[in-house]
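Subject: Structure for your review

Dear colleague,

I am passing on a structure that I would ask you to look through.

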Amino acid sequence: MSKRIDVKDLNVYYGKFLAVEDVNINIEAKSVTAFIGPSGCGKSTFLRTLNRMHEVIPGARVEGEVLLDGDNLYGPGVDPVTVRSQIGMVFQRPNPFPTMSIRDNVLAGVKLNNQKMSKGEADVLVERSLQGANLWNEVKDRLAKPGSGLSGGQQQRLCIARAIAVEPQVILMDEPCSALDPISTLAIEDLINELKDQYTVVIVTHNMQQAARVSNKTAFFNIAGTGKPGRLIEYGDTHTMFSNPTQKATEDYVSGRFG
Amino acid sequence: MTTTSLTTSRGAGRAGDKVFSAATLAAGCLILAVLFGVALFLLIQAFPALVASPDEIQGGKGFFSYIWPIVIGTLIAAVIALVIATPVAIGVALFISHFAPRKLASGLGYVIDLLAAIPSVVYGAWGAAFLAKEISPAYNWLANNMGWLPIFQGPASATGKTILTAGIVLSVMILPIITSLSREIFLQTPKLHEEAALALGATRWEMIRMAVLPFGRPGVISAVMLGLGRALGETMAVALVLSSGALTASLIQSGNQTIAAEIALNFPEASGLKVNTLIAAGLVLFVITLGVNMIARWIISRHKEFSGAN
Amino acid sequence: MTATLTPVKKRSALTKGQLPKWAPYLVLGIALVLGAAILALIGFNALGWGLVSAIIFAIGLVGWSGAVEGSRRAKDKLATCLVVGAFLIALLPLFSVIWTVLVNGLPGLMDPGFLTTSMNGVTGAFDNKTVEEGAPVVGGIFHALIGTLLITVLATIISVPVGLLTAVYLVEYGNDRPLARAITFFVDVMTGIPSIVAGLFAAAFFFAVVGPGTKTGAVAAVALSVLMIPVVVRSSEEMLKIVPNELREAAYALGVRKWRTILKVVIPTAISGIASGVTLAIARVIGETAPILVTAGFATSINYNVFSGWMASLPTFIYTQILNPTSPSNPDPSSQRAWGAALVLIILVMVLNLGARLIARMFAPKTGR
């Protein structure tokens, strides 16, 4: 269960302001694709358009096409809710639901949509999802405890378990480690490595070493100046991008000359 | 996995979204309708009194000469309440925000909130049964020694049921409102300003004058205006405490009346045009308090732009 | 600062030119003695003693401070005296009200049957007998308690859905649209409607729609709703606003619809604050007198039907018992009943206020650690 994403001529606007201009990119199934670039270059904004989460922000809209295995996310009659149940998302800061236990957090996607599920099925799903997020052994004795009692890294893995419990095709991650310590970061990176066997993973990161460690392909976004739109500068194999980029800007960025 | 096309969606859920957002919108519009209805129905029911021939209105001289003495009475009572409550309320707010020990402050704030929780009819009963009796010797003293002032002209009421007593009871009732709003504002004073003043060697009072009061002034003014709005519309304290009568300048004789108390005392037994007259009086009160509240809100909103709080 | 430059040997340079620590206590002692002496001359009473002593204390301390420490410190002391004085003055009416209600209300409350009987059939003749022959005070507040509860419950049933849904609209759907801004503004305006005007509105509305002279518990409930809705909107709005946006995004990203997100994530997270806000709103309207006075009439017997017939309530019961005693020649039994009812009403309001705090604590999201 994994699908590829093809983006054609995508522009993102906030009201009248053009935030991201003319992006064309093909994201492979069952791989990890990293978006890197300086702050404000539109990589997080662009990521949000891949599961229509930008629509939560008032005034945000897009032009162009995003194809999930050929189906346009922005086609007529497409329900953003259906899109999001196929393309999950993990956020910058861990955000487990404070009113729910660890178990209920994992089942949140199922329960909140009011799908009926027997207790046996639910138990299987909870264990499978937490196993998939490398969290099962740490929390199996306290599934009824509130999720907010876990450490930051555990909370973030709980959020990943919550995302994979709805069995999506693609998982988007918006700087998932930026609020975590190095040990927790390592655990998440290991997890991303395992996730790509089953899912298409797209990750936005500030950390170039992280992009180099976890991703198969890397896309570099840049911005010409404040008030100008962000653009996709270069996209290719991670190894090539870091060792032998074709664009001057990419080389400057990956070698730490700016950003 | 299932390769569902993106266009197949659970229809029920989508309808749920529409129904729910429509329900919230309807609730919001209902509030607008209610407020519009308040104005509209008061107007409809007040209209007969406004166009009735003068001799049909109580007093026989038309609606205007019926309403203006009680408008003045309402203002007198509210002004007395403000004059007493404002300095005390600011003092209490400062005490809780800057003088009381930290640990005590929230508890003391709760004590003042208790004042706000006591129902108005209880204040009225207290004013009528306790305060009026206790305060009447003071009125005698005022009449004997300050009687040359029109507002303290004797003979003082023997029962103490005067507009001044009503004003004092009103001041007790609006005190917690002004206090709690002012306290909030004082607590929001930027710590940097306060510390800058203290670092210059200012005493606590100088720090308050330099940093806290200038910052809080618009907030305190609007708090006072909201208190004024409450004092204008308060019914029970006046209805139970004041032995009402014609408009008089002396505050320590019985006499005067407020709109709210006039309505409360007469509406239950009223019939015919008298009902319309009282509703028209209510409309006048509504317009006055609306004006006062709008000015208060305007001051607050203007302040918001300046404070840069967001 | 203002002190002389000659060093004082024994005390630290930092404390020179200051009043000693025990100065306020000394001044207080002197003020109390002097105050007692002055009051003894003109007739002693506790309030006057406190007042005169406080004035002497303030003058003494500020004067001494001015002489030793200079005018800046003296002003500071004066401001402190005034601020503390203001606080003490504010406490006076609070204690006086509670004391008056307790002293006058307890005898009424202790009467057997006070809470369980109504005023049905209780006439001035009974009260005259009580005063003249020492018969027990008859009659009670059961009908008023029932009326207060029914009217308040109905008002809550009307106000909470409307108020909560409006708050949801403002926070989740409004997006600062003109309509949302208009609603916010008019909710603010509504907060300032005098309670008697709310009563008149409900009366005028039902007079126009149902028929002149319509006075029932339901009309009173509508009047109370006009007062309650803005309070519920404001408090719920504040509570919904502090629910982190991240939680909404997390739910959306799981493919959860907006209305389910609001119902199952946002509102449960904010429920403690919303519940305590609603409780405070109930506490506020349960003591309202004026709107009920003009909408529900006065009843002396028990009426369980809010949709027909006049209905009593605790506040209007207090009001009528004081203003129009059952026996005009012997008002004491009526006033005893009124104070008893006032005590019950204050207890109700205090319980609701404490309840609001408990609810806020109980339902608060659990944080495991």
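A crossing of two helices is called left-handed if the near helix is turned anticlockwise from the far one by less than a right angle, and right-handed if clockwise. Please keep in mind that this is a predicted model, in which local features need pLDDT of at least 70 and side-chain atom pairs count only at pLDDT 80 or more, while totals for chains, interfaces and linings use all residues. Residues are numbered from 1 along each chain as its sequence is written, and chains are lettered from A and ligands numbered from 1 in the order in which they are written.

Helix packing in chain C

Helices (H or I, at least four residues) and strands (E, at least two) are DSSP runs numbered from the N terminus. In the crossing sense given above, H8(C) passes H10(C) in a right-handed manner. The axes of helix H8 (residues 217–241) of chain C and helix H10 (residues 258–286) of chain C come within 8 Å and cross at roughly 150°, where axes are lines fitted to C-alpha atoms, for helices over the stretch in contact, and angles run from 0 to 180 degrees between N-to-C directions. H8(C) and H10(C) are therefore roughly antiparallel to each other, given that angles under 35 degrees count as roughly parallel, over 145 as roughly antiparallel, 65 to 115 as roughly perpendicular and the rest as oblique.

On the H8(C) side, the residues that meet H10(C) include Leu224(C), Leu227(C), Met228(C) and Val231(C), and their partners in H10(C) include Val266(C), Ala270(C), Gly273(C) and Ile274(C); two residues are in contact if their C-beta atoms, placed from the backbone, lie within 7 Å. The residues of this contact of H8(C) with H10(C) divide into 13 nonpolar, four polar and one charged, with Ala, Val, Leu, Ile, Met, Phe, Trp, Tyr, Cys and Pro counted as nonpolar, Asp, Glu, Lys and Arg as charged, and the others, Gly among them, as polar.

A second pair in chain C is formed by helix H4 (residues 124–133) and helix H13 (residues 332–362), with axes that come within 8 Å and cross at roughly 105°, and H4(C) and H13(C) are therefore roughly perpendicular to each other. Asp127(C), Thr130(C) and Val131(C) of H4(C) make the contact with Asp332(C), Pro333(C) and Ser334(C) of H13(C), and by class there are two nonpolar, two polar and two charged residues in it.

Chains B and C as a whole

Chain B has ten helices and zero strands. Its radius of gyration (taken over C-alpha atoms, with a globule rule of 2.2 Å times the number of residues to the power 0.38) is 25 Å, well over the 19 Å that the rule gives for 310 residues, so chain B is more spread out than a compact globule. Along its principal axes the C-alpha trace of chain B spans about 95 × 65 × 30 Å.

Chain C contains 13 helices and zero strands. Its radius of gyration is 29 Å, whereas a compact globule of 369 residues would have one near 21 Å, and its C-alpha atoms fill a box of roughly 85 × 80 × 40 Å along the principal axes. Of its 369 residues, 48% count as buried, and of the 310 residues of chain B, 48% do; a residue is buried if 20 or more other C-beta atoms lie within 10 Å of its own, exposed if 12 or fewer, and partly exposed in between, with C-beta atoms placed from the backbone.

Contacts between chains

Between chains B and C, 68 residues of chain B are in contact with 69 residues of chain C. Helix H1 (residues 11–51) of chain B gives the most to the chain B side, with 21 residues, and that side divides into 48 nonpolar, 16 polar and four charged residues.

Chain A meets chain C through 26 residues of chain A and 22 residues of chain C. On the chain A side there are 13 nonpolar, nine polar and four charged residues. In helix H9 (residues 245–253) of chain C, Arg248(C), Ala250(C), Ala251(C), Tyr252(C) and Ala253(C) are buried, and what covers the buried residues of H9(C) includes H2, S6 and H4 of chain A together with H10 of chain C. Just after H9(C), Gly255(C) takes a positive phi of about 80°.

With kind regards
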